[in-house]
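Open the model in your viewer and keep the sequence panel beside it. This tour tells you what to select next and what is there.

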Amino acid sequence: MSTPLIVFRMKLEVLVMPKRTVLDPQGVAVRNAVRELGLENVETVRVGKIIEIEFSAEPDEKKLNEICRDLLSNEVIEDYRVVGTTTSFP
Amino acid sequence: MKIAVVRFPGSNCDQDCLRALQDGLEVDAEYLWHKETSAAGYDAIVLPGGFSYGDYLRCGAIAAFSPVMRAIIEAANHGTPVFGVCNGFQVLCETGLLGGALIRNRSLLFLCQPVVLKIENNSTPFTRLLNEKSLLRMPIAHGEGAFYADGSTLAELEDNGQVVFRYVDEHGEATSEANPNGSMNNIAGICNPAGNVVGMMPHPDRSWDRRLGSEDGLQLFKSLVETLLSVAA
């Protein structure tokens, strides 16, 4: 009889968005397309990115924040948020 | 005298930079692979254009954490001249050696066209042979070349004379029409406070020989070589 394998997995989503003070020409282009497609009351669109990361054990929080600040985002032009924390034991 | 041209996976102007140095100026120059952990033995370092590491995440973001950059940051902090062209400029901003960031061109277009630049600071190792306010012609080729900095960083750059190159018209005026990509204050290139680290979006490596349409870019590499010779003397 084999012992069931328990794998600890932690999934984080890092949400990176351009700062509101930074011109986002991509967002402007998408907004114009949304307007063209019939949603005339669209105000602003901003395009960011989601980076999904899975860990096999809980990551060091300080290190994680350093990596989010220095690698995954650029604090000159972007803000980040760590969201969607889920833990599963498949 | 030996000058390094860094090669990241995805660099594509490495040969242009090496040729400008070797053929344009007959200087000893060689490639430096991104995995190297030392930049010892080089009198100056050139970070070429291209799409380092595919420009994934942001332009230059992953290259900024490559082993060779750790060594280059240390060399730069000890005064070694470091020159970032196009993607090289983006890498230097990502490392924090230079302030600000390069974001998507305002037009969203990848721009490949000649521009006119005005020399705003001729005391860097790369501009010392040029007269202040003199004009240079060379091409740009980028999708993310709009210089951005927050208000205080921008004021600091301007007040300290760290703006080295500005996009101007034929009369030397920094008009909005002469600004190809939406860069703040028409900034095309900057230096660090010490002046030994310079980054620029336009390509001197594509304008070092008359056959390329302009040889104005050679002046920048020649300035570097003169600087190194005068240090050695």
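Predicted model: local features only at pLDDT ≥ 70, side-chain atom pairs only at ≥ 80, totals over all residues.

**Stop 1**

Show β6(B), residues 111-119, together with β7(B). The two strands run antiparallel, and eight bridges join them. Strands of a sheet pair through backbone hydrogen bonds, either parallel or antiparallel.

Now widen the selection to the whole sheet of chain B. Nine strands form an open sheet with mixed pairing. Step across in the order β2-β1-β3-β4-β11-β10-β9-β6-β7. The edge strands are β2 (29-33) and β7 (135-142) of chain B, and each pairs on one side only. From one strand to the next, the twist averages 25 degrees.

**Stop 2**

From β6(B), move to β9(B). The pair is antiparallel and is held by four bridges. Pick B:I119, which stands opposite B:F165 in β9(B).

Is β9(B) enclosed or open? Color residues 163-168 of chain B: six of the six are buried, so the strand is largely enclosed by the rest of the structure.

Stay on B:F165. In β10(B), B:G189 stands opposite this residue. Three bridges join β9(B) to β10(B), and these strands run antiparallel.

**Stop 1: a loop residue**

Follow the chain between β9 and β10 of chain B and stop at B:N185, which lies in the loop there. B:N185 has 15 other C-beta atoms within 10 Å and is therefore partly exposed. Setting aside residues up to four places away in sequence, B:N185 touches B:L154, B:E158 and B:V163. Draw a distance from B:N185 to B:S66, C-alpha to C-alpha: the two are 31 Å apart in space and 119 residues apart in sequence.

**Stop 4**

Return to B:G189. In β11(B), its bridge partner is B:M200. β10(B) and β11(B) run antiparallel, joined by three bridges. They form a hairpin with five residues between the strands. Click B:G195 in that hairpin: its phi is positive, near 90 degrees.

Next, show side chains on β11(B). In a regular strand the side chains alternate between the two faces of the sheet. Here B:V197 and B:G199 point one way, while B:V198 and B:M200 point the other. All of these are buried.

β4(B) and β11(B) run parallel, with four bridges between them. Find B:V85, which stands opposite B:M200.

**Stop 2: a covered helix**

Select α3(B), residues 87-95. How many of its nine residues are buried? Nine of the nine are, and the helix is mostly covered. The buried residues include B:F89, B:V91 and B:L92.

B:G96 follows α3(B) and has a positive phi, near 90 degrees.

**Stop 3: the core**

In soluble globular proteins, nonpolar side chains tend to be buried together. The largest nonpolar core here has 76 residues. Show the members that touch the most other members: B:A4, B:V6, B:I45, B:V46, B:F83, B:L102 and B:L117.

Zoom in on B:L102. Leaving out residues up to four places away in sequence, its contacts include B:C59, B:F89, B:C93, B:F147 and B:M201.

**Stop 4: two crossing helices**

Two packed helices are described by the angle between their axes and the distance between the axes. Select α1 (14-25) and α5 (218-232) of chain B: they pack at about 75 degrees, with axes 10 Å apart. α1(B) and α5(B) are therefore roughly perpendicular to each other. The α1(B) side of the contact is B:A20, B:L21, B:G24 and B:L25. From α5(B) come B:L218, B:F221, B:K222 and B:V225. These residues divide into six nonpolar, one polar and one charged.

**Stop 5: chain A**

Finish on chain A. It has two helices and three strands, in the pattern β-α-β-α-β along the sequence. Of its 90 residues, 8% count as buried.

Last, show where the chains meet. Chain B gives 14 residues to the contact and chain A gives ten. The chain B side divides into eight nonpolar, two polar and four charged residues.

Conventions
Residues numbered from 1 in each chain as written. Chains lettered and ligands numbered in written order. Pairing = 2+ DSSP bridges. Axes fitted to C-alpha atoms, helices over the stretch in contact; angles between N-to-C directions. Contact = placed C-beta atoms within 7 Å. Nonpolar A, V, L, I, M, F, W, Y, C, P; charged D, E, K, R; others polar. Parallel < 35°, antiparallel > 145°, perpendicular 65-115°, else oblique. Core = buried A, V, L, I, M, F, W, Y, C linked by C-beta atoms within 7 Å. Buried ≥ 20, exposed ≤ 12 C-beta atoms within 10 Å, placed from the backbone.
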